[in-house]
Structures are given as structure tokens and as C-alpha cells.
Amino acid sequence: MFIDSHCHLDFPELHVQRDSVLGLMRENGVSHALTISTTLHTFPAVRAVAEANPHIWCSAGVHPDEQGDDHEVSLPELLALADHPKVVAIGETGLDYYRLPEPLDWQRERFRVHIRAAIASGKPLVIHTRNAAPDTLRIMKEEGAEKIGGVMHCFTESQAVAEAALELNFHISFSGIVTFKNAVDLKEVAKTVPLDRMLIETDSPYLAPTPFRGKMNQPGYVKHVAEHIAGLRGISVEEVAKATSANFFRLFSFAKAA
Ligand SMILES: [Zn+2]
Ligand SMILES: [Zn+2]
């Protein structure tokens, strides 16, 4: 059984065909999913998906690119949102220097607030980083993120960044990008990340893996990410499924929540 460690089931593309999305999960052996919060105003919808489905959990947080809320999230507010049995992670948070121009002091401050919330709540971080790896790692270190750990989601960085994140007690999650023909360096990283620190995800509705590239992505397709990684490493897909699912449960401590 596979687990999609990062998807956005509240986004309209997936929301409108919820039944077929859940149906393909079942068909493809995708047993669980973590649906990820991106704004304060859509968080209730994210949590509602998790509340309605015993095999789906959610996170609480505000995406680094989001400017659509009427106020900046505070530490007490994040802690209040996280205080729910189906909320098992803080994020997605991090830094994104690709989409928005400097000054981005607010984005770095938002990231720090999320790390503090993760440490205070005991719920691991889901970190997004794009064109910002040095600052992401620096802030993780400054805030003591290794105390709580978490996952570098939709990983597209170098081997060196992967090693630095592993050293900080983080997992590395691969998305459909690893299946793309031109992702040559990333495929090398996917061969070397220790199997007991690896997760898989879709980041759906975006980034559908080969052979669905360009189409709407969905959690059921995480199976194709696992198959590709198994091929790269020369191991069975069952082995990838077993390891990444065990990592998921260990990281997000479902023994207690379930
Ligand atoms: Zn992201
Ligand atoms: Zn995401």
C-alpha cells in the first residue's frame, strides 16, 4: 500500500471530483493521504476533508507564496489550528524566492513562526523550498527545526541540500518530478537518500508523473512515483511502498492519533 504524503484535496480541481479521486486511490492501492493546508481561509475545508475520511489526515499552515489571508498567521493561532486529532503536521511552510520578489522578510518571519509552532505542538514540519535552499537551511538551523523534524516536500534540490536536510533530522519526499526525463540530477539523489528517510507524494493537483505529465494529478498516481524510484534503485516497488509507508506513520506518530 502506498501513501501520498502531500496533496491538496481542497483545491477545486480535486474537490469537484472527490469520489473518483478517492476511487482511484483505492484502485491503485493508495491507502492514506496527507492533505496540506495553504491558507487560513481555506483551512476549514482542508480539515473537513480529513474529518470526513478516516484514511486522510491534514496539516495546518500558510504557504510561503500565499498573500490571500486578511492577516498574517500568529504563533497562538497556528497552535490553536494544530490542536485537532486529524492535524498531524505544520505547513506547508518554507521559502520560495521563485514566485515573489524581495523584500521577503515577511516570508522568512512566517517560516520562523511555523517552525516555533511545530516545536511547541510536537507536530513535524512540511517544508517547501524553491530557489531558496541556503536561507531555508539557515533558518531551520537558527530555529532548531531538527528538534521536531519533518519533511522536505517535493524535493528538487541538490545532493548537498538533501544531505544537509537529512542531518537536520528531516525526511526527503519525492514527487512526480523525479519521473521526468530531464530530472537527471534528482534521479541521482533519489538513488542515494536512505530508504528509511524517504517519503513519496503527488503534490496534486499539480505535477502529474509520467505517463500523465501535463494532466491533472491526483493521489492515486503516487504509485507511479514509487514505481519509478524502485526502478532507479533496482529494488521492488513493494519495498519502496513498505519503507515509505512505515516512514510516514513513524514521522507523523499515528500510533497515538489512531
Ligand atoms: Zn509546496
Ligand atoms: Zn503543496
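# Reading the predicted model: burial, pairing and zinc

User: In this predicted model, why is Arg-108 called buried or exposed?

Analyst: Arg-108 has a relative accessible area of 14%. Buried means under 20%. Arg-108 is therefore buried.

User: Where does Arg-108 sit, and what is Arg-108 in contact with?

Analyst: Arg-108 belongs to helix 5. Beyond its neighbours within four places in sequence, Arg-108 contacts Leu-95, Tyr-97, Glu-102, Asp-135, Arg-138 and Ile-139. Contact here requires heavy atoms within 4.5 Å.

User: How do you know that the buried residues of helix 3 line one face?

Analyst: Helix 3 covers residues 43-52, and its buried residues are Phe-43, Val-46, Val-49 and Ala-50. Looking down the helix axis, these fall within an arc of 125°, so they line one face of the helix.

User: What covers the buried residues of helix 3?

Analyst: The cover includes helix 2 (18-27), strand 2 (30-35), strand 3 (56-60), helix 4 (75-82) and strand 4 (87-96).

User: What makes strand 4 largely enclosed?

Analyst: Count its buried residues: 10 of the 10. Strand 4 is therefore largely enclosed by the rest of the structure.

User: How do you know that strand 4 pairs with strand 3 and with strand 5?

Analyst: A pair needs at least two bridges. Strand 3 and strand 4 have three, in the parallel sense. There, Cys-58 stands opposite Val-87 of strand 4. Strand 4 and strand 5 (residues 125-130) have five bridges, also parallel. Here Gly-94 is opposite His-128 of strand 5.

User: What is the handedness of the crossover from strand 4 to strand 5?

Analyst: The chain passes through helix 5 (residues 105-121) on the way, and this β-α-β crossover is right-handed.

User: Which residues coordinate the zinc ion (ligand 2)?

Analyst: His-6 (NE2), His-8 (NE2), Glu-92 (OE) and Asp-203 (OD) do, at 2.1 to 2.5 Å. The cut-off for a donor is 2.8 Å. Their spacing in sequence is H-x1-H-x83-E-x110-D.

User: Why is the arrangement around the zinc ion (ligand 2) called irregular?

Analyst: The four donor atoms subtend angles of 88 to 174°. Tetrahedral would need all angles between 85 and 135 degrees.

Note on methods:
Residues are numbered from 1 along each chain as its sequence is written. Chains are lettered from A and ligands numbered from 1 in the order in which they are written. This is a predicted model: local features need pLDDT of at least 70, side-chain atom pairs count only at pLDDT 80 or more; totals for chains, interfaces and linings use all residues. Side-chain values use heavy atoms; hydrogens and water are left out. Buried means under 20% relative accessible area, exposed over 50%, partly exposed in between (1.4 Å probe, protein chains only). Helices (H or I, at least four residues) and strands (E, at least two) are DSSP runs, numbered from the N terminus. The arc is that of the directions from the helix axis to the C-beta atoms. A crossover is right-handed if, with the strands pointing away from the viewer, the path from the first strand over the helix to the second runs clockwise. Donors are N, O and S atoms within 2.8 Å of the metal (3.2 Å for Na, K and Ca); water is not among the atoms, so sites may look incomplete. Four donors count as tetrahedral if all angles lie between 85 and 135 degrees; four count as square planar and six as octahedral if opposite donors are over 155 degrees apart and all others between 65 and 115; anything else is irregular.
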